[in-house]
Amino acid sequence: MEGVSVRKIKKICVFCGANSGKDVAFVNAAFHLGEVLGKRKIDLVYGGGKLGLMGCVSTAVAQHERQVLGIIPSAFTINNLVGETCGKEIKVATMQERLVMMMELSDAFIALPGGFGTLEELFQMISWAQLNIHNKPIGVLNINGFFNGLLSFVDHAVKQEFITPRARKILISATTADELVDKLQAFRFESDPALSKLKWLPSSSQKEKLDLTLRL
């Protein structure tokens with residue numbers, strides 16, 4: 001990446017399925033992503049537990065002695081529903097609180113194959129970036145063309161003028177973990193001039209950090 005300024009990424013949040021999927025390539029790619037993060041000395045933020053691809057990527061990162069943080073709704077911990085989190089765990093009350101904390105504690109976001117929950121998390125982060133709530137890079141690891149249909153739909157929405165070309169740049173894609181991390185590091189956020197004027201109130205967790213700073 002000679003000649004390109006590189007964004008410093010210390011923590012990446014990974015969204016992915018609590019199932020392993022039909023293709024063994026998904027499992028292999030999840031383990032490989034964890035290995036790549038570990039070798040690059042990047043810590044992991046994820047949804048907690050050890051099921052499916054979530055367990056694969058978190059296990060691989062931990063095996064490379066990087067920090068793993070699982071942010072999990074308390075409801076999921078009842079009766080050990082999702083298994084033991086690989087690393088530290090923060091319990092939250094709601095799914096929305098979980099996603100806000102993931103946004104605040106991460107420097108970038110990667111989506112692996114998954115279902116409705118993964119897609120919700122991915123598009124929530126894209127929407128928040130478009131609204132200038134954050135300016136962090138977001139990418140999908142397109143394993144064996146899993147996200148081809150989704151990417152085609154997004155491009156179709158651009159052609160139909162529901163998504164602007166500027167906003168389309170928010171969603172990055174790559175077919176290998178190394179290429180995707182390189183793209184995330186090279187990402188330069190282009191704010192919509194109109195939306196950049198929006199003023200968002202800090203979240204409750206940000207207020208708590210501010211209050212603590214003031215007390216100190």
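A residue is called buried when its relative accessible area is under 20%, exposed when that area is over 50%, and partly exposed in between, with a 1.4 Å probe and protein chains only. By that definition Leu141 is buried, because its relative accessible area is 2%, and this residue is found in strand 6. The structure is a predicted model, in which local features need pLDDT of at least 70 and side-chain atom pairs count only at pLDDT 80 or more, while totals for chains, interfaces and linings use all residues. Residues are numbered from 1 along each chain as its sequence is written, and side-chain values use heavy atoms, with hydrogens and water left out.

The predictor's confidence in each residue is given as pLDDT, on a scale from 0 to 100. The protein chain averages a pLDDT of 89, and 90% of the residues score at least 70. Over residues 207-216, however, pLDDT stays under 50, and for this stretch the model has 2 contacts beyond four places in sequence, a contact meaning heavy atoms within 4.5 Å. Where pLDDT is low, the predicted coordinates should not be read in detail.

The strands and helices named here are DSSP runs, numbered from the N terminus, with at least four residues for helices (H or I) and at least two for strands (E). Seen in this way, the model holds an open sheet of 7 strands in the order 4-3-2-1-5-6-7, with parallel pairing, where two strands pair if DSSP finds at least two bridges between them. Strand 4 (88-92) and strand 7 (171-174) stand at the edges with a single partner strand each, so one side of each is left without a neighbour in the sheet. Neighbouring strands of this sheet are turned on average by 25 degrees against each other, direction ignored.

Returning to Leu141, its contacts, leaving aside neighbours within four places in sequence, include Ala29, Leu33, Ala111, Phe147, Ala174 and Leu180. The C-alpha atoms of Leu141 and Phe189, which are 48 residues apart along the chain, are separated by 19 Å.

Leu151, in helix 5 (residues 148-159), is buried with a relative accessible area of 10%. Not counting residues up to four places away in sequence, Leu151 touches Val140, Asn142, Arg168, Leu171 and Ser173. Glu121 lies in helix 4 (residues 116-130) and is likewise buried, with a relative accessible area of 12%; under the same exclusion of residues up to four places away, Glu121 touches Phe15, Arg98 and Leu99.

How values were computed
Axes fitted to C-alpha atoms, helices over the stretch in contact; angles between N-to-C directions.
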